[in-house]
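Reader: I would like a close look at a single part, followed by what surrounds it. Which side is buried and which is exposed? Please keep it brisk.

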Amino acid sequence: MNNTLSESSATATKAIPLSIDDLTVAYHRKPVIWDVSLDLPAGSLVGVVGPNGAGKSTLLKAVMDLIPRASGRIKVFGESYADNRGRVGYVPQRESVDWDFPVDALDVVTMGLYREIGWCFPVRKKHRQAAMEALRRVGMADLANRQISQLSGGQQQRTFLARALVQDADLYLMDEPFAAVDASTERAIVDVLRDMRARGKTAVVIHHDLQTVAEYFDYVVLLNMRVVAHGSVKDVFTPENLQKTYGGRLTLLDEVTEAMRHQRRKL
Amino acid sequence: MMSRSVLIACGVLAWICFLAMLGFATELGLQQEGLQSEGQEAISNIEAPNVSLLKSRSSITDRRLEWPTWEQWWSLILLRDYNTRVVVLGVTLLGAAAGMVGSFTLLRKRALMGDALSHATLPGIGFAFLLANQLGWDAKSLPLLLFGATATGLIGLGVVLVIRHSTRLKEDTALGAVLSVFFGGGVALLSVIQQMDGHAAGLESFIYGKTASMGIRDVQLIAAAALVCILVSFLLFKELKLLCFDGQFASSRGFPAIRLDIVLMGLVVTVCIVGLQAVGLILVIALLIIPAAAARFWTEKMWVMFLISGCIGAAGGMVGAGMSAVFARLPSGAMIVLVCTVFFLLSMVFGTSRGILVRWLQRTQLNRSIDRQHLLRAAFELAEPKRVSRGTDNEIVPQDGHREQVTVSMQALLGKRSWSSWRLNRSIDRAARDSLLYRDGDGISLTARGVIEAARLTRQHRLWEIFLITHADFAPSQVDRQADAIEHVLEPELIRELVSLLDHQDIVVPASPHPVEEMKS
């Protein structure tokens with residue numbers, strides 16, 4: 001009895017952090033992502049790369065059941081997301097909230113613990129200490145009591161990162177944490193990511209800067225409505241694959257525009 | 001950004017004041033009608049459970065806006081009259097609940113949902129009255145009327161949601177359309193009822209609010225509902241705060257955002273419905289918005305904002321209900337809203353966090369410190385050639401420890417920048433008061449402290465200039481103006497970085513990279 005219990009928990013921790021099978025998501029019947037199938041390795045930093053409108057944010061949101069999916073199965077550590085919510089940390093896009101809200105940085109970070117604290121219970125001292133610790137990890141301990149609109153863009157992004165860190169999750173989903181941040185914030189985020197990897201955690205990061213993909217990530221997913229390629233950076237992050245991810249769409253658009261122009265000329 | 005929100009706030013206020021005035025005017029108009037048909041008035045007076053202190057003075061010799069006697073004031077303040085006591089307490093609780101719930105809806109940016117809802121209640125009140133009359137029930141029973149109000153109110157909200165989801169119309173359009181159509185329908189229905197049935201006059205109190213028409217049972221209902229709202233707001237404070245700040249994150253953490261939104265909407269519905277009688281359906285939205293908006297000026301903490309908002313709402317309810325107890329003929333809704341508005345105006349001006357006064361003070365202080373920095377640097381640079389000729393480039397502190405020997409003339413200072421002589425003189429007076437410089441005949445001399453401060457500022461300015469020239473490829477003739485804007489925000493750590501970048505540790509004040517105007521002597 002005891003044996004099977006420990007065995008099953010061992011397999012649960014070893015299980016693939018994120019496994020997506022045949023996922024299709026549609027907005028207003030127009031598909032945004034098609035037939036995405038992925039198995040992400042544990043303990044790695046995964047970069048998700050693709051042009052605007054490729055469905056990168058949609059993919060993350062679909063994983064967390066924030067938007068309905070047309071078809072497909074998603075497993076987080078071998079179970080459904082709802083069962084393993086506690087092991088997933090989410091860093092949304094910075095623009096997704098109103099930063100003029102009457103809270104300070106520490107308040108925002110404590111929000112990462114609300115689920116643990118439970119319905120109707122107040123935030124207690126130990127939660128505030130944990131939040132403080134998370135702020136320290138992103139180099140923001142001095143700014144804990146500053147109102148969030150008084151923070152710079154990079155500091156706001158770090159606050160969001162700290163809110164995910166405070167959960168001590170095993171899988172992190174980050175929506176463009178590097179977008180429009182200063183150099184020191186970028187360094188701080190990279191340090192945090194490497195520290196996560198050293199502790200066997202997995203991070204899935206939507207990324208825009210192709211120059212730094214090879215430096216920051218071990219594993220890369222090239223996405224343009226469907227998965228163009230995925231695998232270790234060494235194998236997959238090639239000019240041909242990038243051309244397929246970014247180029248194909250553009251050439252098609254060019255062709256359509258050209259066709260329309262042609263038609264107009266005929267009329 | 002700020003000026004726009006102030007403009008919107010003023011617009012809303014003006015609108016609310018207009019409605020409140022309209023309330024007074026209509027009420028007075030109704031009284032005149034009442035005077036013309038005294039008999040009917042007397043009947044409705046008997047029927048309405050009038051809790052006012054003036055109720056003994058009947059309507060026949062009525063001079064409505066009579067100033068209450070001292071005795072009446074006194075008994076109001078001591079809450080001697082049982083009915084008054086109950087009504088004031090009930091409306092106070094209602095105000096507190098509205099303030100608390102309002103702080104959530106304001107931050108969730110759903111403030112106007114309540115407006116559509118409350119306007120949509122009017123037809124429901126009419127229908128409930130008609131139905132009760134048909135069936136021979138008590139047509140003025142409050143629970144029945146409120147039930148009808150809730151029904152059409154929710155239908156109105158539902159229509160808003162349907163329009164928003166199934167068409168391309170935006171939410172504000174949907175709100176406006178529903179609000180006016182339902183309210184218009186309600187007004188039409190009410191006038192039909194009035195023609196059919198003479199003693200339906202009490203229904204108007206739902207439009208502008210009239211605590212005087214409230215019975216003890218009604219107050220109990222209001223107080224109980226308000227208490228429930230307050231309790232739920234406290235219990236779910238953390239969850240609702242998360243929902244208002246970041247709904248998507250809340251659902252990713254397993255908090256059901258949709259159900260939380262429904263709870264919040266439920267609180268708004270409850271406050272609006274039970275507030276109908278005391279505040280009236282046009283003005284109940286003000287009780288949801290004004291206290292929260294006022295509280296925002298005082299704090300950057302949501303918890304504090306929540307409590308302040310509750311207190312302002314409670315104070316508005318208390319004073320408003322008290323006033324309408326002594327002035328029986330004033331519509332209580334208008335009183336309550338006007339009291340809240342006074343709080344709002346005070347907060348907007350004096351609020352310690354975002355009030356106009358605080359911001360103005362901060363701006364003035366910033367301008368003054370910038371002026372002072374300009375003044376000190378100007379004085380330093382004008383006196384610089386003489387100082388250099390004395391060979392004290394590295395020893396900028398005057399020898400005698402008190403004052404610098406060089407006097408800088410006003411003429412030279414005025415020529416240095418485009419500042420008026422009035423502004424320059426004020427700036428000099430303030431700097432002299434802080435003993436950074438003193439007046440010397442027609443000019444000024446820096447004191448020891450002044451020279452040190454001026455040297456620091458000049459150093460910052462020039463370090464930045466040199467940085468721009470060597471690292472950012474600026475022409476020396478352009479850097480002065482660029483550095484002028486930057487020097488005020490250079491923090492010590494940036495200066496340290498600049499120093500190490502420019503390798504200038506040894507020189508206290510580097511020479512200017514471009515020609516500096518000199519004082520003609």
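Author: First, the cut-offs. Anything in between is partly exposed. The model is predicted.

The part is helix 19 of chain B, residues 421-433. Start with its length. At 1.5 Å a residue, its 13 residues should span 18 Å.

Now the two sides. L424(B), S427(B), I428(B) and A431(B) are the buried residues of helix 19 of chain B. Around the axis they cover an arc of only 100°, so they sit on the same side of the helix. The other side of helix 19 of chain B carries W422(B), D429(B) and R433(B), which are exposed.

What follows the helix? After helix 19 of chain B comes S435(B). Its phi is positive, near 45°.

Next come the strands. Strand 2 of chain B covers residues 437-440. It pairs with strand 3 of chain B in the antiparallel sense, over four bridges. The two form a hairpin with two residues between the strands. There G441(B) takes a positive phi, near 65°. R439(B) stands opposite I444(B) of strand 3 of chain B.

Strand 3 of chain B has a partner in strand 1 of chain B too, residues 408-409. These two run antiparallel and are joined by two bridges. Here V408(B) has I444(B) as its bridge partner.

Strand 3 of chain B, residues 443-446, is covered on both faces. G443(B) and S445(B) are buried on one side. I444(B) and L446(B) are buried on the other.

Step back to the whole chain. Chain B holds 22 helices and three strands. Of its 521 residues, 43% count as buried. Take the contacts in chain B with a separation of 6 or more: 75% of them join residues 24 or more positions apart.

Then the partner chain. 20 residues of chain B are in contact with 18 residues of chain A. Helix 11 (237-245), helix 12 (247-252) and helix 15 (302-326) of chain B each supply at least two residues of the touching side. By class, that side of chain B has eight nonpolar, five polar and seven charged residues.

Chain A has an open sheet of three strands in the order 2-1-4, with antiparallel pairing. Its edge strands are strand 2 (30-40) and strand 4 (71-76), each pairing on one side only. Neighbouring strands are turned by 20° against each other on average, direction ignored. Strand 1 of chain A, residues 18-27, pairs with strand 2 of chain A over seven bridges. V25(A) stands opposite I33(A) in strand 2 of chain A.

R146(A) lies between helix 5 (125-137) and helix 6 (153-165) of chain A. It has 16 C-beta neighbours inside 10 Å, so it counts as partly exposed. V103(A) is 43 residues from R146(A) in sequence, yet 8.5 Å away in space, C-alpha to C-alpha. Leaving aside neighbours within four places in sequence, R146(A) is in contact with D104(A), A105(A) and L151(A).

How values were computed. Residues numbered from 1 in each chain as written. Chains lettered and ligands numbered in written order. Predicted model: local features only at pLDDT ≥ 70, side-chain atom pairs only at ≥ 80, totals over all residues. Pairing = 2+ DSSP bridges. Axes fitted to C-alpha atoms, helices over the stretch in contact; angles between N-to-C directions. Expected span 1.5 Å × (residues − 1). Buried ≥ 20, exposed ≤ 12 C-beta atoms within 10 Å, placed from the backbone. Arc of directions from axis to C-beta. Contact = placed C-beta atoms within 7 Å. Nonpolar A, V, L, I, M, F, W, Y, C, P; charged D, E, K, R; others polar.
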